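Please look over the sequence and the model shown below before reading the report. The description concerns a predicted model.

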Amino acid sequence: MDIFTQQLINGLVLGSIYALVALGYTMVYGILELINFAHGEVTMIGAMVALSVIGVLLGASPDLPGLMVVIAGLLVAIPACMALAFGIEKIAYRPLRKAPRLAPLITAIGVSIILQNVAMLVWGRQYVSFPAILPRGQHEILGAHITDLQIAIVVLSLLSMAGLWLLVEKTRLGRAMRATAQSKEVAELMGVNVDRVISYTFIIGAAIAAIAGVMVSAYYGLAHYYMGFMLGLKAFSAAVLGGIGNIAGAMLGGLLLGVIEALGAGYIGDLTGGFLGSHYQDVFAFLVLILVLVFRPSGLLGERVASRA
Amino acid sequence: MSLLSVHGLKVAYGGIQAVRGIDLEVAEGELVCLIGANGAGKSSTLKGIMGLAHPRGEVLLAGERLHKLPTHAIAARGLALVPEGRGVFGRLTVAENLDMGAYARRDRAGIQADLARAYDLFPRLAERRAQLAGTLSGGEQQMLAIARALMGRPRLLLLDEPSMGLAPLMVRKIYETITMIAAEGVTLLLVEQNAHLALKVSQRAYVMESGEITLSGSSAELAANPRVRAAYLGE
């Protein structure tokens with residue numbers, strides 16, 4: 001088996017999940033210049049809600065087709081996350097819109113901790129396992145394996161990204177979002193209800209996060225109240241790598257970070273003569289974050305932060 | 001009846017009173033200008049009318065109370081402000097900027113017609129419709145800002161220092177455009193530091209000093225007023 005190709009595939013799968021979560025960070029940052037640290041937890045809640053729905057459905061009738069059950073879970077998780085994000089913005093962030101920037105940032109960390117603890121109370125401290133109900137076909141390409149699930153993750157991610165792209169570039173709401181990101185005051189002067197546009201931004205990011213949460217728990221076969229923390233940090237790193245505030249950047253940064261991580265994990269043993277194992281893969285995301293912040297703080301596709309037309 | 005009536009408008013930033021309770025009227029079809037020195041409160045007056053910067057006082061548009069409404073609702077009722085420094089969306093294309101001007105409208109056919117008219121009025125913008133607005137020159141951005149405001153078919157257009165920072169040739173062009181817009185029946189309230197220009201194109205004028213209106217009258221009258229001549233016309 002070709003390790004390079006295999007890790008490249010694994011990296012692209014993981015990276016497409018990072019990209020989806022990173023989009024939520026970058027969209028909110030683009031409009032509010034707020035790092036919404038609770039976004040990782042919204043992803044976690046998406047996974048948990050979907051798993052609960054899946055559990056109920058399987059409990060009621062174990063013979064339901066697995067794919068349908070998972071889709072049903074996803075279709076409940078998406079609106080649940082949208083409602084959650086709408087509430088978070090309205091209750092926690094909106095009152096601080098004009099406060100110094102540190103206040104909403106600390107609030108975001110607080111919201112994140114609250115969500116973790118609520119999830120722990122509701123779903124427990126244990127790992128919640130994702131039942132093995134999805135088709136598990138495997139294919140070979142270029143000497144590497146790829147599973148049906150991996151293919152589904154990449155395809156669904158690309159579709160979500162394409163959908164978001166169309167929304168932002170081609171619709172009236174998308175145009176209002178981009179205008180609001182550049183100047184809230186002038187957008188208001190054009191008749192844009194800026195508060196509503198900000199709500200939509202959170203809601204859309206949360207819908208995508210729910211998809212990512214379900215996919216990541218299906219991929220690893222489990223979910224946990226703390227899973228949003230690391231996933232959120234990595235997705236945030238991906239957003240910074242691509243250039244925070246930039247939607248294409250989040251997509252690129254996510255995919256790239258996934259690939260860097262997977263290749264790093266695949267080769268770290270050889271590189272260090274067996275001293276460090278593949279469980280050090282988390283190091284790479286943060287190494288990349290540090291390098292980007294040192295050498296190219298605006299990210300790969302980012303623009304100069306100072307300009308405000 | 002006036003199209004716009006402002007009563008006792010106050011705007012403050014922190015503890016600093018920028019506008020100290022002014023009254024102002026603009027009749028349908030009029031071009032009224034507000035002149036005064038830097039920091040007299042002219043821009044703050046326009047912002048206050050649009051509901052920005054937490055104004056107090058009354059603002060009525062054809063009798064309808066606007067002062068309780070959020071800015072986007074005021075805009076949707078037909079007030080358009082071309083802000084100081086133009087405020088074009090630099091990372092949106094020229095065409096997208098114009099679309100944003102018509103954001104509050106839903107009549108597709110009307111919007112298309114007005115877009116065609118805007119490109120007619122400003123052929124320069126037509127040439128550059130796919131270009132990012134941030135790449136335009138200052139004068140072109142000013143034209144875009146005016147064209148964008150007109151896309152909303154405003155009942156009243158507020159212009160804040162349209163000549164600021166532009167080359168004399170461009171200033172003349174912008175003012176030709178303003179005169180033309182006024183001739184088409186659009187009601188205008190113009191804020192300008194360049195009193196010469198403003199008094200020449202307007203029918204009536206207000207003079208603002210330290211947040212208060214100190215003089216008002218027909219523009220011809222004010223242009224002949226010795227105080228105005230000394231303070232604002234450099235004579």
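## Overall form of chain A

In this predicted model, chain A is made up of 11 helices and 4 strands. Its radius of gyration is 19 Å, close to the 19 Å that the globule rule gives for 309 residues, so chain A is as compact as a globular protein of that length. Taken along the principal axes, the box that its C-alpha atoms fill is roughly 60 × 50 × 35 Å.

Of the 309 residues in chain A, 49% count as buried. Among the contacts in chain A with a separation of 6 or more, 77% are accounted for by residues 24 or more positions apart.

## Helices H1 and H9 of chain A

Helix H1 of chain A, which covers residues 3–32, packs against helix H9 of chain A, residues 227–242, at an angle of about 75 degrees and with the two axes 8 Å apart. Since an angle from 65 to 115 degrees counts as roughly perpendicular, H1(A) and H9(A) are therefore described as roughly perpendicular to each other.

On the H1(A) side the contact is formed by A:Tyr18, A:Ala19, A:Val21, A:Ala22, A:Tyr25 and A:Thr26, and these meet a set of residues in H9(A) that includes A:Leu231, A:Lys234, A:Phe236 and A:Gly242. By class, the residues of this contact of H1(A) with H9(A) are 10 nonpolar, 3 polar and 1 charged.

## Helices H2 and H4 of chain A

The axes of helix H2 (residues 39–60) and helix H4 (residues 102–123) of chain A come within 9 Å of each other and cross at roughly 20 degrees. Because angles under 35 degrees count as roughly parallel, H2(A) and H4(A) are roughly parallel to each other. The crossing in which H2(A) passes H4(A) is left-handed.

To this contact H2(A) gives A:Gly40, A:Glu41, A:Met44, A:Ile45 and A:Met48, while H4(A) gives A:Ser112, A:Leu115, A:Gln116, A:Ala119 and A:Trp123. The contact of H2(A) with H4(A) divides by class into 6 nonpolar, 3 polar and 1 charged residues.

## Contact between chains A and B

Where the chains meet, 16 residues of chain A are in contact with 22 residues of chain B. On the side of chain B that touches chain A, the elements giving two or more residues are helix H2 (71–76) and helix H3 (94–101) of chain B. That side of chain B has 12 nonpolar, 7 polar and 3 charged residues.

How values were computed. Residues numbered from 1 in each chain as written. Chains lettered and ligands numbered in written order. Predicted model: local features only at pLDDT ≥ 70, side-chain atom pairs only at ≥ 80, totals over all residues. Axes fitted to C-alpha atoms, helices over the stretch in contact; angles between N-to-C directions. Parallel < 35°, antiparallel > 145°, perpendicular 65-115°, else oblique. Left-handed = near helix turned anticlockwise from the far one by under 90°. Contact = placed C-beta atoms within 7 Å. Nonpolar A, V, L, I, M, F, W, Y, C, P; charged D, E, K, R; others polar. Rg over C-alpha atoms; globule rule 2.2 N^0.38 Å. Buried ≥ 20, exposed ≤ 12 C-beta atoms within 10 Å, placed from the backbone.
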